[in-house]
Amino acid sequence: MINRESGVFQTSYEGDMSLYTLPLAKRAVWVVLVLLVLLPVPLQLMQNEHLMSIATTIALAAIGAIGLNILVGYTGQISIGQGAFMAVGGYTAAILSSRYGMPFWVGILAGGFVTMLVGTLFGIPSLRIKGLYLAIATLAAQLIIEWTINHVTWIGGGAQSSIYVTNPTLGGFEFNNEFRRYYLVLVFFLLAFFSSQNLIRSRIGRAFIAVRDRDVAAEIIGVNIFRYKLLAFAISSFYAGVAGGLWTYYLRIANYENFTLIVSIEYLAMIIIGGLGSILGPVLGAIFIKLLPIAMDIGVVGVAKNVFGVPYEGVANFLANFQLFVFGALIIIFLIAEPEGLARMWENVKRYFRLWPYSY
Amino acid sequence: MQYRRWLGWGMVALLVGLSGAPTPALAEEIMLGGQCDRTGPTKNVGTVICPGLLDYIRLVNHTGGVEGHTIRYDEVEHAYKVDRAVEAYERLKRQGVVAFLDYGTPIVYALTPRHMEDKLLGITPGFGRADSTDGEAFPYIFPAAATYWSQMGAAMQFVKDQGVKKGDKLGYIFYDNPAGREPLDIFQMICDQEGYECRTFAVPPPGVEMASQILDITRRFKPKFVISHLFGKAPAISIKEFKKNGFPLDKVVSLVWGGGEPDFISAGWENSQGYLAMHFAGVGRDFPVIQAIIKMYQDEGQEVPEIVGSVFYNRGVLSGALLVEGVRQAIQHFGLPITGEKVKMGMEKVKDFSLGGFLPPLTFAPSDHEGGGWVRIYQTKGEGMVPYTDWFQGYRDLVLAEVKKAVEKGKSN
């Protein structure tokens, strides 16, 4: 912002290779990082587990959304199976830690890798089919995985298809309250965020973008489509698996009903609203999709009661549906205002202020 | 850019939403809370259950509260989504809620560890976890009404009383999700024990297509009785299919989520005559508590809603009544201030609580958080339901033994 107009010139290879070239961006990232790390401190002082749980849920969703965006936003392969892939990770983690007594980090990583295999398997059709057809193929993945978890007793653990896990512990430190669990999720969220930022500017990331923009052209310039499409599925599923594993440890139960089709669609909504083909987008999308219904719920009910003075009992059904209406309307408005999503909106804000107050 | 303005309004709406922070409880109020699903997949049930609960709380406050204390019940919509239910739980907890209604099977599963950690009680009538009957293993979860296992035990007892003998055929049609499969083991076990010839028929979600299963039951298997365990739109469709295939509906007995007025309305009352369904709360308006609610509406000069006295409404009343009774016992035995632990111990002191025949004689104990597993079977007649049996339990010993086994398995898992 401040020092961009005259150019930022790097004098070392390290500087040129760094993730954020602008000094201000670097500082901003550090500030955000510190804020994220310190977030639980005031909340813990206020004993506000409520806000902490919201923040954790958003961070969790953001991991899954970042993963999905690598596949959909960067590589252009539509997937409606994200929920099921998360379920694979969740159950892998739960089985490993509840039946084999593995520590949580083994569960989460194994969840990531097993999901990676499963995701790659279901990515194979992408070599032949594209667009909506692929979407239907991944829908099949969602249904097949749900069915398998539901009916294979070894995986689901019986009629209830749910497996309890204990609180994750790391060297005697037990993640036994909301504030501690937040850090557990935060670490993985930061890993996911920065690793995907790095991934996208690497050879692999550029290949993904080439495949997205025109796969035939990409093949002609020497991108191995077979490899990169499957790789996109693998990486994206890995993120999903990690997110699913974390979700399991967060709730302390693996239950496939947390990962149904509607969840997959929610993740698609996150990346579309947040902005396809960006890293910040899915994060903003996750915030939007997870926070707005809660804000609406608190706000609409509060306004009805405090401003209009109607008791909740009389208008509960109306309020509940009105929230859905407003939620839908807001999504439409946001998408009309900026089809490229919240990430682009943020870019526009930054651009506006770049020369402020002398913008032209 | 006119959209900018819209966007601005959107932001304003978001900020208003965020600033409308939850209000904490007043000192003399007792906070209860729960989630509801008024917009999600079970909205046809939620929009009837939750008003029942809210009306009962209103009735309690209308008639002087509990031991002189006002009850405040806060409801949070979760649309049957687990993450929103977690948020709802945390929000209500922050407001000082001491006892919850947990709405929905996956939600009960997800919130169970939180209830245990926070020592805050949750009742889950009809929603889940047969093994949480064992209050020693699940101290803060109260199924508070017959679980799916007890319902299955009762259904098997009922068909036995109706003359199903060794070697007779018995069918079980169920919704193929965890809640639908939960009673499966109990069914098989009793079948083996009694020597029935049993077959199960799974209906895959969303349960709108079951012509082949019902054809299979009615034309090929030809059972003497069918036990049905379906949710959502599925019960209505099953009724229509049974009717179409000429299967006598008084040979079908449904567990608790398959016999509400919405099901009969969508199947058509004329098609549902004779259908048997199980309930864990009374049906209709001929109960003192329902009459009191009607009177409350009349005193306030309001029209009595049509749903008052319907199946799901009465279940809401049951949830409210149990929460309030737990609080009442807690105040009587352990005094103020009310905490989750006290409500839990209060709940365990509830004895022969029947609200004038509206409920079975519910008796809780540290080892029994289910209240006895009572049900009653109603038959559809005209545009309503009439009692077909009295309150009864079935295969209680077998069910309790299974609960013990499940708890043991859960511990070793």
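Predicted model: local features only at pLDDT ≥ 70, side-chain atom pairs only at ≥ 80, totals over all residues.

Reader: By class, how many nonpolar, polar and charged residues are on the side of chain B that touches chain A?

Author: In total, 46 residues of chain B are in contact with 55 residues of chain A. By class, the side of chain B has 19 nonpolar, eight polar and 19 charged residues.

Reader: How many salt bridges are there between chain B and chain A?

Author: Let us start with an example: the side chains of Arg114(B) and Glu178(A) meet with N to O at 2.5 Å. A salt bridge needs such a nitrogen and oxygen within 4 Å, so this pair qualifies. Between the two chains, the count is seven.

Reader: What is the area buried between chain B and chain A, and what part do carbon and sulfur atoms give?

Author: The buried area between these chains is about 4500 Å². Of this, the part given by carbon and sulfur atoms is 57%.

Reader: Now to strand β10 of chain B: which residues cover its two faces?

Author: In a regular strand, side chains alternate between the two faces of the sheet. Strand β10(B) covers residues 276-279, and its four residues are all buried. On one side are Leu276(B) and Met278(B), and on the other Ala277(B) and His279(B).

Reader: Which residue is the bridge partner of Ala277(B) in β11(B)?

Author: β10(B) has strand β9 (residues 252-254) as a parallel partner, joined by two bridges, and there Ser254(B) stands opposite Ala277(B). Strand β11 (residues 376-381) runs antiparallel to β10(B), with four bridges. In β11(B), the partner of Ala277(B) is Tyr378(B).

Reader: Why does Asp134(B) count as buried?

Author: Asp134(B) lies in the loop between β4 (121-123) and β5 (141-142) of chain B. Beyond its neighbours within four places in sequence, Asp134(B) is in contact with Ser367(B), Val403(B), Lys404(B) and Val407(B). Buried means under 20% relative accessible area, so Asp134(B) counts as buried because its relative accessibility is 5%.

Technical notes: Residues numbered from 1 in each chain as written. Chains lettered and ligands numbered in written order. Heavy atoms only, no water. Contact = heavy atoms within 4.5 Å. Buried area = accessible area lost by both parts, 1.4 Å probe. Nonpolar A, V, L, I, M, F, W, Y, C, P; charged D, E, K, R; others polar. Buried < 20%, exposed > 50% of the residue type's maximum accessible area, 1.4 Å probe, protein only. Pairing = 2+ DSSP bridges.
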